[in-house]
Amino acid sequence: RKIIFEKQWFYLDNAIGHIYGTTFEVTSGGNLQPKQEVEETATETKEAGTDNRNIVDDGKSQKLTHDDIKALKDKGIKGQEIVQQLIENSTTFRDKTEFAQDKYIKKKKKKYEAVITIVKPSTRILSTMYYAREPGKINHLRYDTLAQMLTLGNIHAGNKMIVMETCAGLVLGAVMERMGGYGSIIQMYPGGGPVRAATNCFGFPKLFFDNLHEFPLSKVDSLLSGTFFTETLPSEPEDNMVVEEESNGLTDEKQTSLQEAEEASTTEAAMEINQTEEQETTDINAEDVEFKENKEKENVREKQRKQWERRKKLIETAALLREKNADGLIIASKFHPTPLLLSLLEFVAPSRPFVVYCQYKEPLLECYTKLRERGGVINLKLSETWLRNYQVLPDRSHPKLTMSGGGGYLLSGITVVLDKGKSDSSHSEALKMEEPSCKRCKVQDLHC
Amino acid sequence: MSFVEYGDTIKDGDTAIVFLGHESMFPVKVQHGTVTQTKYGVIRHSMDLIGKKYGSKVTCSKGGWVFILHPTPELWTMNLPHRTQILYSTDISIITMMLELKPGSIVCESGTGSGSLSHALIRTVAPTGHLYTVEFHQQRAEKAREEFREHGVDHLVTVTNQDVCKNGFGVSNIADAVFLDIPSPWEAIGHAKSALKAEGGRICSFSPCIEQVQRTCLAMEEYGFTEINTLEILLRVYNVRTISLQIPDLGKAAEDNSSAGFDSSNPSNQGSPCTNLQQGTVQFKSGVPLREMVGHTGYLTFATKS
């Protein structure tokens with residue numbers, strides 16, 4: 001399989017068997033070869049200038065043309081050689097300061113030396129990668145913000161976590177990594193099914209997925225109001241029933257959500273069914289009528305069996321939620337956080353942390369206010385982190401030139417036993433206790 | 001309860017956190033027959049704590065109330081007795097992620113200090129990992145051992161009283177990660193390298209001064225570490241407040257009630273609807289930064305053993 005990455009293309013075949021972290025060179029044939037540790041020979045020309053007062057950038061200092069360089073590349077000359085050629089054919093190189101020469105060489109090496117390092121995936125690698133390359137897919141959740149969430153949420157082995165995210169499954173993966181396969185996770189999802197594209201990149205062992213459940217958001221209301229279980233009656237798959245539509249034997253609500261699940265291209269089940277359907281059509285054309293009828297019956301039974309299994313799982317997950325004893329809640333989605341938080345908090349035990357991520361600050365302001373009204377939470381904190389990378393080189397240490405403008409905001413807190421009857425008195429008491437009064441704000445205190 | 005496993009009810013011998021209100025809390029050792037004084041009155045452990053659910057509201061003798069919380073490393077960090085300057089959760093979070101720590105990881109740490117980071121590391125590597133922590137101060141090492149025992153995590157940690165720069169961590173070739181928070185980390189890089197597993201181990205050094213960072217980066221390079229990267233992380237906290245701003249009196253055009261531009265009776269330009277408290281003010285919700293924030297804790301340098 002050909003991999004194309006940053007204008008390089010290569011085959012991964014030769015990488016198999018090597019340790020993670022090995023660096024390879026891409027040969028002219030697109031094959032990978034482990035890179036030899038090259039002795040960095042002291043540059044022959046130690047000649048360097050002191051400053052750039054006489055260096056004029058007229059674009060003419062490099063004597064090799066585009067075609068010359070292309071010819072070198074076509075000849076199969078190694079990147080190192082090309083860089084050496086560029087240095088020799090640059091009229092201004094020896095006038096540059098040592099630092100500038102260093103920088104020049106680094107830049108050319110990056111462009112012409114095709115070097116690939118293969119690393120083992122982890123939250124660190126995947127979160128920095130997603131933030132750099134596909135921030136839109138993860139609601140611009142910067143990796144340090146994700147790190148805060150995992151710690152503030154006390155994510156660790158043995159927890160029963162509720163996760164609601166629309167970050168391609170990156171947040172779910174990060175939570176799974178910190179739980180190490182111990183405990184359980186219930187992933188809440190919008191629409192037809194959870195997106196786990198990033199989760200699959202972590203390379204978790206299969207057993208990590210044994211205690212990963214999912215539950216549709218569209219059923220949360222019915223679960224909270226107590227109508228979920230009366231609507232969803234378990235029923236046995238009926239072998240004799242040959243049905244055209246899958247609606248028979250199921251209640252309407254269950255049927256729509258299951259059909260949604262089938263239609264969503266992101267669920268494995270749906271893909272499986274589509275594949276069997278495709279297979280079915282090709283088979284039909286080649287078989288005679290009686291065989292065709294039997295095959296149809298078989299496929300329909302398969303579908304029904306799968307649906308029954310999915311429904312069974314759904315009921316089991318609902319039961320887990322109904323225990324209302326989750327050890328934590330993580331929300332990181334494109335949706336407005338307030339309704340999510342207010343409803344999902346119901347499933348969390350008291351004295352447990354929760355963390356909500358939002359790309360924007362304002363929705364979290366509203367969330368904070370609504371939570372104060374609801375009660376049952378303490379230690380509310382609205383925060384963001386500021387991250388700065390540094391270049392550390394002898395005599396050249398300074399923060400790097402570009403910095404992320406924003407990595408999102410977090411609202412975190414701890415649940416406590418909800419005192420529904422006395423919410424008013426504890427509200428005003430909470431005001432006195434929770435928010436330091438400032439002289440100017442006194443009149444507005446009641447509205448905070 | 002334990003710092004690495006949630007429990008539901010408060011038991012004798014637990015360490016619990018008493019929450020009195022905004023940023024006001026303290027840890028308490030739950031014991032039959034003991035009482036704890038708070039500004040709201042007395043809490044009697046046997047009657048008010050033991051057997052109660054974590055997260056419960058407890059009324060004190062004077063009538064005021066508090067919440068009793070299950071301990072977590074984060075709450076511990078905010079409330080532990082300081083024997084040294086500690087690391088706070090903001091730095092701890094990024095350290096944990098960048099060192100790729102998870103259940104089963106073997107971590108080496110020096111110095112132990114007040115045990116703030118130690119508790120967080122133990123929580124992350126439990127139940128199958130281990131923390132080897134080195135502290136050259138004898139009393140601090142002993143105090144740390146005592147706390148780990150009290151918190152039910154001593155099976156996950158080994159405290160060694162020695163100088164890491166001279167004698168290393170006491171283990172070789174097994175650590176997934178090493179963390180250094182010492183005055184001269186460059187002197188411990190060699191020992192860190194030998195403690196780390198053969199390939200792929202991660203190292204982190206925390207130093208307040210840039211000169212220390214420069215020396216450490218050089219040492220890391222000399223010892224063959226790759227992916228050397230230095231960063232700093234700061235926390236910005238916002239207070240959620242309803243703010244009222246007065247509308248200035250720009251005078252009145254004769255008999256004309258509509259003021260050009262800003263209409264005080266229709267504050268819809270603020271986006272979210274808000275009511276006027278009094279004539280001539282506009283209210284809105286804001287996330288107001290604190291007057292002062294932490295501007296620097298230390299530089300974090302990470303690298304990989306190749």
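In chain B, the centres of domain 1 and domain 2 are 33 Å apart, taken over C-alpha atoms. Domain bounds here come from an automatic or database domain assignment. This is a predicted model, in which local features need pLDDT of at least 70 and side-chain atom pairs count only at pLDDT 80 or more, while totals for chains, interfaces and linings use all residues. Residues are numbered from 1 along each chain as its sequence is written, chains are lettered from A in the order in which they are written, and side-chain values use heavy atoms, with hydrogens and water left out.

**Domains of chain B**

- Domain 1 of chain B covers 9-71, and domain 2 of chain B covers 75-234 + 295-305.
- Nine residues of domain 1 of chain B are in contact with five residues of domain 2 of chain B; contact means heavy atoms within 4.5 Å.
- The two domains of chain B bury about 590 Å² between them, 68% of it from carbon and sulfur atoms. Buried area is the accessible area (1.4 Å probe) that two parts lose on being put together, summed over both.
- B:Thr15, B:Met25 and B:Pro27 supply 55% of the area that domain 1 of chain B buries against domain 2 of chain B, more than any other three residues.
- On the side of domain 1 of chain B that touches domain 2 of chain B, strand 1 (15-21) and strand 2 (24-29) of chain B each supply at least two residues. Strand 2 of chain B gives the most to that side, with four residues. Helices (H or I, at least four residues) and strands (E, at least two) are DSSP runs, numbered from the N terminus.
- By class, that side of domain 1 of chain B has five nonpolar, three polar and one charged residues. Ala, Val, Leu, Ile, Met, Phe, Trp, Tyr, Cys and Pro count as nonpolar, Asp, Glu, Lys and Arg as charged, and the others, Gly among them, as polar.

**Domains of chain A**

- Chain A is divided into domain 1 (2-38 + 47-118) and domain 2 (122-231 + 315-418), with 42 Å between their centres over C-alpha atoms.
- Five residues of domain 1 of chain A are in contact with five residues of domain 2 of chain A.
- The area buried between these domains of chain A is about 350 Å², and carbon and sulfur atoms give 51% of it.
- One salt bridge is counted between domain 1 and domain 2 of chain A; the side chains of A:Asp102 and A:Arg396 meet in a salt bridge at 3.5 Å, N to O.
- Helix 3 (residues 98-112) of chain A gives the largest share of the side of domain 1 of chain A that touches domain 2 of chain A, three residues.

**Contact between chain A and chain B**

- The contact takes 65 residues from chain A and 69 residues from chain B.
- About 5900 Å² is buried between the two chains, with 60% from carbon and sulfur atoms.
- Four salt bridges are counted between chain A and chain B; B:Asp8 and A:Arg352 meet in a salt bridge at 3.7 Å, N to O.
- There are 22 residue pairs in polar contact between the chains, both residues at pLDDT 80 or more.
- Strand 11 of chain A gives the most to the side of chain A that touches chain B, with 12 residues.
- By class, that side of chain A has 30 nonpolar, 20 polar and 15 charged residues.

**Strand pairing**

- Strand 11 of chain A and strand 12 (residues 225-246) of chain B run antiparallel and are joined by nine bridges. Two strands pair if DSSP finds at least two bridges between them.
- B:Ile233, in strand 12 of chain B, is the bridge partner of A:Leu387.
- Strand 12 of chain B also pairs antiparallel with strand 14 (residues 299-305) of chain B over five bridges, where B:Thr230 stands opposite B:Thr301.

Key: A polar contact is a pair of N or O atoms within 3.5 Å; within protein, one must be able to donate a hydrogen and the other to accept it, and residues adjacent in sequence count only if both atoms are side-chain atoms.
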